[in-house]
Protein chains: 2
Amino acid sequence: MPVLVMKFGGTSVATLDRIRRAAKRVGVEVAKGYDVIVIVSAMSGETNKLVGYVEETSPLFDAREYDAVVSSGENVTAGLMALTLQEMDVPARSWQGWQVPVMTTGAHANARIEDIPTDNISAKFGEGMKVAVVAGFQGISPEGRITTLGRGGSDTTAVAFAAAFGAVRCDIYTDVDGVYTTDPRICEKARKLDKIAFEEMLEMASLGAKVLQTRSVELAMRFKVPLRVLSSFEEMDDTAGTLVCDEDEIMESNVVAGVAHSRDEAKMTLVSVADRPGIAAAIFTPLAEAGVNVDMIVQNISEEGRTDMTFSCPTNQVARAEKAMEEAKTKGEINFHGIVADTNVAKVSVVGIGMRSHTGVAAKMFKVLSNDGINIKVITTSEIKISVLIERKYMELAVQALHDAFELDKSA
Amino acid sequence: MPVLVMKFGGTSVATLDRIRRAAKRVGVEVAKGYDVIVIVSAMSGETNKLVGYVEETSPLFDAREYDAVVSSGENVTAGLMALTLQEMDVPARSWQGWQVPVMTTGAHANARIEDIPTDNISAKFGEGMKVAVVAGFQGISPEGRITTLGRGGSDTTAVAFAAAFGAVRCDIYTDVDGVYTTDPRICEKARKLDKIAFEEMLEMASLGAKVLQTRSVELAMRFKVPLRVLSSFEEMDDTAGTLVCDEDEIMESNVVAGVAHSRDEAKMTLVSVADRPGIAAAIFTPLAEAGVNVDMIVQNISEEGRTDMTFSCPTNQVARAEKAMEEAKTKGEINFHGIVADTNVAKVSVVGIGMRSHTGVAAKMFKVLSNDGINIKVITTSEIKISVLIERKYMELAVQALHDAFELDKSA
């Protein structure tokens, strides 16, 4: 039998009624002839409650005990989902991570899946079981202790099972009905995409479109697992949601697939840095060591041996970045006159694999922004993405203008 | 190092503050030089919540999934207790049932412990760990699935660990400060016992003194594990609580150790049964097959080939008993004129190992009741217990009068 993986997030299993609704969708796929692996999250709110207990008990907690506590939410949902399916006469049973076993690294609270042996579950499919319900987000370390996978862990579990079992597809049920050309809350013309390439989804995800965790998209791309994102609150339909797939499977596409944005960016400038060969390394090595995620970098033209160095990083890492820079100055590794942090900025990006073969996208983007009087502070580009840092108050305007200019409301 | 087992029930770990309080008690025992095994229940209310989920999802639930769901409450407490101890600089870690592993039968929701290998935990004690926190109430079946032990499971887990590790004692922390000569809510002269023999405790437990589950007392008696029952809400003190131990360790004791009572009894009479050899078997076999727990039995003197047969059973089994009797009558196995069920009764018992060597306890009991005008409906006796069924309204009076008559307010 072909295997289908279905993943239900916390809001999709928040109550017994919603679990029943999710189970009905599973039943529909079973009726089509699939052996189904269902990956479940904890009922929404449960994981936060458990994390709260742990943090209140021990602010610098032992991550092994943290994992033992917070993994229990998924176990409850897995058992309840199996019971619900049984009530619908669908042969089902639950698996906790250690029972499969989902073998992970020993990096507690942020483990990576290393292997998923398929024999236990496959044997049960062979005996007539139709649905294996697996608790997401968790595994077992080489020492036999429970691990959790960190943020987005259940999506990652789902993709890893799809890869291990050679599933035809991995359906991620969530509370949005797919991936949009841009954030519908900002741009009312935003259009749901039927398909998006893995690479585009990766850029969209890492740029602030919070539908799928980057990590699960990376894994799906590596193992070529088609991912479908769809809402568990809408009618079922074979064309529902958005399929995230290999670019070969997308016949026609717009040059630009979407416009992403992020408010969570800060612009930092080291003013009047003493310039010399190796100065970039001297600045960015201590930042990396301090755990600052530097995104964009701009260096002004050097005059009289001094230059301004500008970079962007997440807003909540500004203090850490300043501390690292002051320490490097104290040690004599770098020399500058001052640090200016500007948190009043936003990042807007256009993303699309079509940019590889089409020129002029950057020029068009800059012209659109210029026409609306929006000043660009920093620019970065990749093969399939152009990002700009602008003043925050222009973010919505920029997103709307770019969405119009690239005609994203029309499909290819 | 000598091993001490400490068990904390649901009310003793109901909040993070209470877990902290319990952890402090553990710290005190560690400071005395013990290696401590802590058995924890779920935070109070959690198990009921999970059972509610399961029953609402599937009234005739698969017990394997029930176990997977309800066992999660204990896992949460175990992790939190380990973290709390670590915060107090006490080296500790948690174990879930399958990690020990606590090997049980495959009788889901009501499994029995078959073996507890000590090597994993002992090895950690050898490496300097001072406290193993174990999730109570759970184990793993021969098929590798999670089992739970049914009612009183955490007490049973604690005693089983004490037996497996040859612990010096098993301390059961609960919300009462020990075992009393009788129910203090009924008799204000009730006195806390310093010691009570296993056999006496068994009779007291099964007769309605709800401090310890019968099953855990049986296990403690079999393996001669001294059990101490004490409150987690009172000051710690070496003489706190009640020690349940082998009778050899009790030098002096009253002939009667306590007065137990139970409201949950019904008296059933089969009126005018056609008497013949084997009639008792013909009546009580179908009752046993119907799952009716018959306690006391009285047969009147047979007149003209007919007799009245009276027995007692739990109030909530009356309907089941009536059905079984009517069916046996329909099949022609027995013949009677009618069934009279009297739920307006209560059972009062005096218990004491001293009764083995002292005569006259029964006579004294009957005289005391008679003096207060209390009519005895049914009597049963064992080697260390005399029970009577009386009209329910006299229950409190009977308990008080017997407590006075046997001078239970005074220690031996």
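Helices (H or I, at least four residues) and strands (E, at least two) are DSSP runs, numbered from the N terminus. With that in hand, welcome to a short tour: Lys210(A), for instance, lies in the loop between helix 7 (198-206) and helix 8 (214-222) of chain A. This is a predicted model, in which local features need pLDDT of at least 70 and side-chain atom pairs count only at pLDDT 80 or more, while totals for chains, interfaces and linings use all residues. Residues are numbered from 1 along each chain as its sequence is written, chains are lettered from A and ligands numbered from 1 in the order in which they are written, and side-chain values use heavy atoms, leaving out hydrogens and water.

**How the two chains relate**

**Thr57(A), facing chain B**

- Thr57(A) belongs to helix 2 (residues 46-57) of chain A.
- Its contacts (heavy atoms within 4.5 Å) include Leu16(B), Leu80(B), Leu83(B), Thr84(B) and Glu87(B), leaving aside neighbours within four places in sequence.
- Thr57(A) counts as buried at 9% relative accessibility; buried means under 20% relative accessible area, exposed over 50% and partly exposed in between, with a 1.4 Å probe and protein chains only.
- A polar atom of the Thr57(A) side chain lies 2.8 Å from the backbone oxygen of Tyr53(A).

- An unreviewed UniProt entry gives the annotation "binding site" to Thr47(A) and Glu74(A); UniProt positions follow the numbering used here, feature names are shortened, and annotations may be inferred rather than shown by experiment.
- Although spread over 28 residues of sequence, they cluster in space, with a largest C-alpha distance of 8.5 Å.
- Thr47(A) lies in helix 2 of chain A, whereas Glu74(A) lies in helix 4 (residues 72-87) of chain A.
- Thr47(A) touches Ala42(A) and Glu74(A), not counting residues up to four places away in sequence.
- Glu74(A) is buried, with a relative accessible area of 3%.

**A wider set of annotated positions**

- The unreviewed UniProt entry also places "binding site" at a set of residues including Lys7(A), Gly9(A), Asp175(A), Arg185(A) and Lys210(A).
- The set spans 205 residues in sequence and its farthest two C-alpha atoms are 25.4 Å apart, so these positions do not all gather at one spot.
- Asp175(A) sits in the loop between strand 9 (169-174) and strand 10 (195-197) of chain A, and counts as partly exposed at 46% relative accessibility.
- Asp175(A) touches Thr11(A) and Phe233(A), not counting residues up to four places away in sequence.
- The side chains of Asp175(A) and Thr174(A) are joined by a polar contact of 3.2 Å; such a contact is a pair of N or O atoms within 3.5 Å where, within protein, one must be able to donate a hydrogen and the other to accept it, and residues adjacent in sequence count only if both atoms are side-chain atoms.
- Lys210(A) counts as exposed at 74% relative accessibility.

**Aromatic rings**

- Rings of Phe, Tyr and Trp (its six-membered ring) pair if their centres lie within 6.5 Å, with planes under 30 degrees apart counted as stacked, over 60 as edge-to-face and the rest as tilted; the count comes to 9 aromatic pairs over all chains.
- Phe284(A) and Phe311(A) form an edge-to-face pair, 5.6 Å centre to centre with 80° between the planes.
- Phe284(A) lies in helix 9 (residues 279-289) and Phe311(A) in strand 16 (residues 306-314) of chain A, so the pair ties together parts 27 residues apart in sequence.
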